[in-house]
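Keep the structure open while you read.

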Amino acid sequence: MKIYLFRHGQTVYNADGERFCGTSDVGLTALGWQQARRAARLIRGVRPAAIVHSGLRRSRETAVAIRESLPGAEDCPLVAHPGFREVGFGAWEGLTRAEVNRLYPDLYAEWLVRPEGAAIPGGDNLDERQQEAVDAFLDVVSRYSGGDLVIVAHNTLNRLLILGLMGIEARHYRRIVQENACLNILEYSEEEGVRLHALNRVPVVDE
(Lines give C-alpha, C1' and ligand atoms only; values in the text may rest on other atoms or scores of the structure.)
Protein backbone atom coordinates (compact mmCIF):
# COMPACT_ATOMS: atom_id res chain seq x y z
CA MET A 1 0.00 0.00 0.00
CA LYS A 2 1.03 3.61 -0.51
CA ILE A 3 0.97 6.21 2.25
CA TYR A 4 0.90 9.86 1.23
CA LEU A 5 2.29 11.75 4.22
CA PHE A 6 1.75 15.52 4.17
CA ARG A 7 2.81 18.34 6.44
CA HIS A 8 0.07 20.89 7.10
CA GLY A 9 -0.07 24.25 5.30
CA GLN A 10 1.22 27.54 6.64
CA THR A 11 -0.02 28.85 10.01
CA VAL A 12 0.39 32.26 11.64
CA TYR A 13 3.16 30.74 13.77
CA ASN A 14 5.01 29.65 10.62
CA ALA A 15 4.60 33.05 9.00
CA ASP A 16 5.55 35.05 12.10
CA GLY A 17 9.21 34.28 12.66
CA GLU A 18 8.88 30.48 12.76
CA ARG A 19 7.48 30.34 16.28
CA PHE A 20 7.48 27.05 18.15
CA CYS A 21 3.95 25.74 17.68
CA GLY A 22 3.94 22.21 19.08
CA THR A 23 0.53 21.24 20.42
CA SER A 24 -0.82 24.82 20.30
CA ASP A 25 -4.03 24.59 18.29
CA VAL A 26 -3.65 27.22 15.59
CA GLY A 27 -5.28 27.15 12.17
CA LEU A 28 -4.12 27.77 8.62
CA THR A 29 -3.55 31.17 7.09
CA ALA A 30 -5.17 32.02 3.75
CA LEU A 31 -1.89 31.01 2.13
CA GLY A 32 -1.93 27.77 4.13
CA TRP A 33 -5.33 26.84 2.68
CA GLN A 34 -4.01 27.59 -0.82
CA GLN A 35 -0.95 25.43 -0.19
CA ALA A 36 -3.10 22.55 1.02
CA ARG A 37 -5.40 22.69 -2.00
CA ARG A 38 -2.40 22.88 -4.30
CA ALA A 39 -0.77 19.91 -2.55
CA ALA A 40 -3.78 17.74 -3.43
CA ARG A 41 -2.74 18.03 -7.07
CA LEU A 42 0.33 15.94 -6.27
CA ILE A 43 -1.89 12.90 -5.65
CA ARG A 44 -4.62 13.41 -8.25
CA GLY A 45 -5.90 10.03 -9.30
CA VAL A 46 -5.39 8.58 -5.81
CA ARG A 47 -8.52 7.30 -4.04
CA PRO A 48 -7.45 6.91 -0.40
CA ALA A 49 -9.25 4.58 2.00
CA ALA A 50 -9.04 7.37 4.59
CA ILE A 51 -7.47 10.75 5.23
CA VAL A 52 -5.90 10.67 8.69
CA HIS A 53 -5.04 13.84 10.61
CA SER A 54 -3.65 14.57 14.06
CA GLY A 55 -6.74 16.24 15.48
CA LEU A 56 -4.98 19.59 15.73
CA ARG A 57 -6.73 22.34 13.79
CA ARG A 58 -3.98 23.01 11.24
CA SER A 59 -3.74 19.32 10.40
CA ARG A 60 -7.52 18.87 10.21
CA GLU A 61 -7.96 21.94 8.00
CA THR A 62 -5.24 20.70 5.63
CA ALA A 63 -6.96 17.31 5.48
CA VAL A 64 -10.28 18.99 4.67
CA ALA A 65 -8.67 21.09 1.92
CA ILE A 66 -7.03 18.01 0.39
CA ARG A 67 -10.31 16.06 0.41
CA GLU A 68 -12.21 18.97 -1.14
CA SER A 69 -9.56 19.33 -3.86
CA LEU A 70 -9.13 15.62 -4.66
CA PRO A 71 -11.57 14.48 -7.36
CA GLY A 72 -13.62 11.49 -6.25
CA ALA A 73 -12.68 11.83 -2.58
CA GLU A 74 -15.89 13.50 -1.41
CA ASP A 75 -16.91 10.47 0.66
CA CYS A 76 -13.43 9.64 1.95
CA PRO A 77 -13.55 9.53 5.77
CA LEU A 78 -11.53 12.02 7.77
CA VAL A 79 -10.03 10.23 10.77
CA ALA A 80 -8.34 11.89 13.76
CA HIS A 81 -5.45 9.98 15.34
CA PRO A 82 -3.66 11.65 18.28
CA GLY A 83 -0.54 9.60 17.63
CA PHE A 84 0.24 12.00 14.77
CA ARG A 85 -0.01 15.20 16.81
CA GLU A 86 3.01 17.48 16.77
CA VAL A 87 5.80 17.14 19.31
CA GLY A 88 5.00 19.37 22.30
CA PHE A 89 7.46 22.17 23.07
CA GLY A 90 5.93 23.11 26.42
CA ALA A 91 7.06 26.51 27.69
CA TRP A 92 8.63 27.34 24.33
CA GLU A 93 5.37 27.28 22.39
CA GLY A 94 4.44 30.65 20.94
CA LEU A 95 8.02 31.90 21.14
CA THR A 96 10.45 32.50 18.29
CA ARG A 97 13.88 30.93 18.34
CA ALA A 98 15.39 34.33 19.23
CA GLU A 99 13.05 34.64 22.19
CA VAL A 100 13.82 31.11 23.38
CA ASN A 101 17.54 31.80 23.08
CA ARG A 102 17.14 34.90 25.22
CA LEU A 103 14.95 33.27 27.88
CA TYR A 104 16.56 29.80 27.97
CA PRO A 105 20.12 30.29 26.63
CA ASP A 106 21.72 27.17 28.15
CA LEU A 107 18.79 24.86 27.41
CA TYR A 108 18.47 26.22 23.88
CA ALA A 109 22.18 25.61 23.26
CA GLU A 110 21.76 22.04 24.51
CA TRP A 111 18.68 21.53 22.34
CA LEU A 112 20.64 22.59 19.25
CA VAL A 113 23.30 19.94 19.95
CA ARG A 114 21.33 17.17 21.70
CA PRO A 115 17.61 17.68 21.03
CA GLU A 116 16.74 14.24 22.37
CA GLY A 117 18.23 15.08 25.77
CA ALA A 118 17.06 18.66 26.25
CA ALA A 119 14.34 18.72 28.91
CA ILE A 120 12.11 21.58 27.78
CA PRO A 121 9.72 22.52 30.62
CA GLY A 122 6.43 20.84 29.82
CA GLY A 123 7.78 19.50 26.52
CA ASP A 124 7.76 16.02 25.00
CA ASN A 125 10.63 13.57 24.88
CA LEU A 126 11.73 13.05 21.26
CA ASP A 127 12.48 9.34 21.57
CA GLU A 128 9.08 8.66 23.15
CA ARG A 129 7.23 10.69 20.52
CA GLN A 130 9.09 8.92 17.75
CA GLN A 131 7.94 5.54 19.05
CA GLU A 132 4.38 6.81 19.45
CA ALA A 133 4.43 8.06 15.85
CA VAL A 134 5.67 4.71 14.54
CA ASP A 135 3.03 2.90 16.59
CA ALA A 136 0.34 5.21 15.17
CA PHE A 137 1.56 4.52 11.64
CA LEU A 138 1.47 0.76 12.15
CA ASP A 139 -2.00 1.10 13.66
CA VAL A 140 -3.52 2.93 10.69
CA VAL A 141 -1.85 0.79 8.02
CA SER A 142 -3.26 -2.32 9.70
CA ARG A 143 -6.74 -0.76 9.94
CA TYR A 144 -6.80 0.34 6.30
CA SER A 145 -4.73 -2.41 4.73
CA GLY A 146 -7.15 -2.69 1.80
CA GLY A 147 -6.18 0.62 0.25
CA ASP A 148 -3.87 3.60 0.17
CA LEU A 149 -3.78 6.27 2.89
CA VAL A 150 -3.31 10.00 3.24
CA ILE A 151 -1.83 11.18 6.55
CA VAL A 152 -1.60 14.88 7.40
CA ALA A 153 0.77 15.60 10.27
CA HIS A 154 3.47 18.06 11.33
CA ASN A 155 7.03 19.23 10.79
CA THR A 156 8.91 17.57 13.64
CA LEU A 157 6.51 14.62 13.86
CA ASN A 158 6.93 13.76 10.17
CA ARG A 159 10.69 13.82 10.46
CA LEU A 160 10.66 11.61 13.54
CA LEU A 161 8.24 9.20 11.89
CA ILE A 162 10.21 8.84 8.67
CA LEU A 163 13.44 8.24 10.56
CA GLY A 164 11.75 5.83 12.95
CA LEU A 165 10.35 3.77 10.10
CA MET A 166 13.87 3.58 8.68
CA GLY A 167 15.36 2.51 12.02
CA ILE A 168 17.19 5.81 12.55
CA GLU A 169 17.38 7.52 15.96
CA ALA A 170 15.29 10.60 16.75
CA ARG A 171 18.35 12.78 17.39
CA HIS A 172 19.02 12.93 13.65
CA TYR A 173 15.61 14.40 12.76
CA ARG A 174 16.99 17.77 11.59
CA ARG A 175 18.61 16.05 8.62
CA ILE A 176 15.16 15.91 7.03
CA VAL A 177 13.38 19.02 5.71
CA GLN A 178 9.57 19.37 5.75
CA GLU A 179 8.18 22.48 4.09
CA ASN A 180 4.58 23.58 4.56
CA ALA A 181 2.13 21.33 2.68
CA CYS A 182 4.93 19.08 1.42
CA LEU A 183 4.32 15.47 0.38
CA ASN A 184 6.28 12.36 1.29
CA ILE A 185 5.41 9.04 -0.35
CA LEU A 186 5.93 5.77 1.49
CA GLU A 187 5.20 2.20 0.48
CA TYR A 188 4.41 -0.35 3.18
CA SER A 189 4.04 -4.10 3.32
CA GLU A 190 4.25 -6.49 6.26
CA GLU A 191 6.88 -8.51 4.45
CA GLU A 192 9.25 -5.71 3.47
CA GLY A 193 8.35 -2.89 5.85
CA VAL A 194 8.67 0.67 4.55
CA ARG A 195 10.23 2.02 1.38
CA LEU A 196 10.57 5.77 0.79
CA HIS A 197 9.59 6.94 -2.69
CA ALA A 198 9.52 10.74 -2.29
CA LEU A 199 10.52 13.28 0.35
CA ASN A 200 9.47 16.92 0.88
CA ARG A 201 7.83 17.34 -2.50
CA VAL A 202 6.12 20.72 -2.87
CA PRO A 203 4.03 21.57 -5.95
CA VAL A 204 4.87 24.58 -8.06
CA VAL A 205 2.13 27.21 -8.24
CA ASP A 206 0.80 26.13 -11.64
CA GLU A 207 1.32 22.37 -11.17
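## A helix under cover

Start with α7 in this predicted model: 10 of its 11 residues are buried, so the helix is mostly covered. "Buried" here is under 20% relative accessible area, exposed is over 50%, and partly exposed falls in between (1.4 Å probe, protein chains only). The helices are DSSP runs of H or I with at least four residues, strands are runs of E with at least two, and both are numbered from the N terminus. The buried residues of α7 include Asn155, Thr156 and Leu157, and among the others are Arg159 and Leu165.

What sits over them? The cover for the buried residues of α7 includes β1, α6, β4, β5 and β6 (193-201). Just past the helix, Gly167 takes a positive phi of about 80°.

A word on ground rules: residues are numbered from 1 along each chain as its sequence is written. Since the model is predicted, local features need pLDDT of at least 70 and side-chain atom pairs count only at pLDDT 80 or more, while totals for chains, interfaces and linings use all residues; side-chain values use heavy atoms, with hydrogens and water left out.

## Aromatics

Trp92 is worth a click: leaving aside neighbours within four places in sequence, Trp92 is in contact (heavy atoms within 4.5 Å) with Phe20, Val100, Tyr104, Leu107, Tyr108, Trp111 and Ile120. One aromatic cluster takes in Phe20, Phe89, Trp92, Tyr104, Tyr108 and Trp111.

The structure holds 9 aromatic pairs. Rings of Phe, Tyr and Trp (its six-membered ring) pair if their centres lie within 6.5 Å; planes under 30 degrees apart are stacked, over 60 edge-to-face, and the rest tilted. Phe89 and Trp111 make an edge-to-face pair, 6.4 Å centre to centre with 80° between the planes. Phe89 is in the loop between β3 and α4 while Trp111 is in helix α5, so the pair ties together parts 22 residues apart in sequence. Both residues are buried.

## The annotated active site

An unreviewed UniProt entry lists His8 and Glu86 under "active site". UniProt positions use the numbering here, feature names are shortened, and annotations may be inferred rather than shown by experiment. On a 1 Å grid over the protein atoms alone, a pocket is an open set of points with protein on both sides within 12 Å along at least five of seven lines, whereas a cavity is a set where a 1.4 Å probe fits but cannot get out; lining residues have an atom within 4 Å of a point.

His8 is in the loop between β1 (2-7) and α1 (12-15) and is buried, at 3% relative accessible area. Glu86 lies in the loop between β3 (78-80) and α4 (97-103) and is buried too, at 6% relative accessibility. Setting aside residues up to four places away in sequence, His8 touches Arg58 and His154, among others. With neighbours within four places left out, the contacts of Glu86 include Arg58, Asp124, Arg129 and His154.

## The annotated binding site

For "binding site", the unreviewed UniProt entry lists Arg7, His8, Gly9, Gln10, Thr11, Val12, Tyr13, Asn14 and Arg58. Of these, the largest pocket's lining includes Arg7, His8, Thr11, Asn14 and Arg58.

Gln10 is found in the loop between β1 and α1 and is buried, with a relative accessible area of 15%. The side chains of Gln10 and Thr29 are joined by a polar contact of 2.7 Å. Such a contact is a pair of N or O atoms within 3.5 Å; within protein, one must be able to donate a hydrogen and the other to accept it, and residues adjacent in sequence count only if both atoms are side-chain atoms.
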